[in-house]
Amino acid sequence: MKIGDFYAWALIVVLVSAFVSLFLSFQAGVFVLFFAIVAWWVWEHPEGGFLLFIVLAPLLPMLKITQTIGTVTLIKDVIILALLFKVFLIPLLTKRLPYQRNVFFAPLVALLAWTAFEMLRADSLILGVLR
């Protein structure tokens, strides 16, 4: 990534964060900025991101009990999505996956199908997405 591209993306993230801060809440804007920084770091360092996920996963339920910082638990979702895109989806779409069969393909398809099924079956769409 060129330096100009980096600054352009950084400006976009800061502006989106400022928009969310002004029109929703300051805390949501800070979390948007925080999640964008974590996603960028995981994108640049996938092995370190996976180790961070392993270290943080057991600690996140402790943070869920608080109302003010409970949103931090979404960090696991940011890490998972960044790793999914970096390691699987982008190479799949650009046809740069190794020749061997990817062992994550069938479980990933099954998980996505089950998620879509449960989302459609839920009483509320938001509740279906969260479950």
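**Why the terms apply: a predicted helical chain**

Q: Why is Trp-41 called partly exposed?
A: Trp-41 has a relative accessible area of 32%, and since buried means under 20% relative accessible area, exposed over 50% and partly exposed in between (1.4 Å probe, protein chains only), Trp-41 is therefore partly exposed. Trp-41 is found in helix α2, where helices (H or I, at least four residues) and strands (E, at least two) are DSSP runs numbered from the N terminus.

Q: What kind of model do these values come from, and how are residues numbered?
A: This is a predicted model, in which local features need pLDDT of at least 70 and side-chain atom pairs count only at pLDDT 80 or more, while totals for chains, interfaces and linings use all residues. Residues are numbered from 1 along each chain as its sequence is written, and side-chain values use heavy atoms, with hydrogens and water left out.

Q: What makes up the secondary structure of the chain?
A: The chain has seven helices and zero strands, so that its elements, read from the N terminus, run α-α-α-α-α-α-α; of its 131 residues, 18% count as buried.

Q: Why does Ser-17 count as buried?
A: Ser-17, which lies in helix α1, has a relative accessibility of 7% and therefore counts as buried. Leaving aside neighbours within four places in sequence, Ser-17 is in contact (heavy atoms within 4.5 Å) with Gly-29, Val-30, Val-32 and Leu-33.

Q: How do you know that the span of α2 agrees with its number of residues?
A: The expected span of a helix is 1.5 Å times one less than its number of residues, so the 19 residues of α2 should span 27 Å, and the end C-alpha atoms are 27 Å apart, which agrees. The buried residues of α2 are Gly-29, Phe-31, Phe-35, Val-38 and Val-42.

Q: How do you know that the span of α5 agrees as well, and where is its kink centred?
A: The 19 residues of α5 (residues 75-93) should span 27 Å, and because the end C-alpha atoms are 25 Å apart, the span agrees. A kink of about 45° in α5 is centred on Phe-85, the bend at a residue being the angle between axes fitted to the seven residues ending there and the seven starting there.

Q: Why does Val-78 count as buried?
A: Val-78, found in helix α5, has a relative accessibility of 15% and so counts as buried. Not counting residues up to four places away in sequence, Val-78 touches Phe-35, Val-38 and Ala-39.

Q: Why is Ala-57 counted as partly exposed?
A: Ala-57, in the loop between α3 (46-56) and α4 (60-63), has a relative accessibility of 35% and therefore counts as partly exposed. Ala-57 and Lys-76 are 19 residues apart in sequence and 7.0 Å apart in space, C-alpha to C-alpha.
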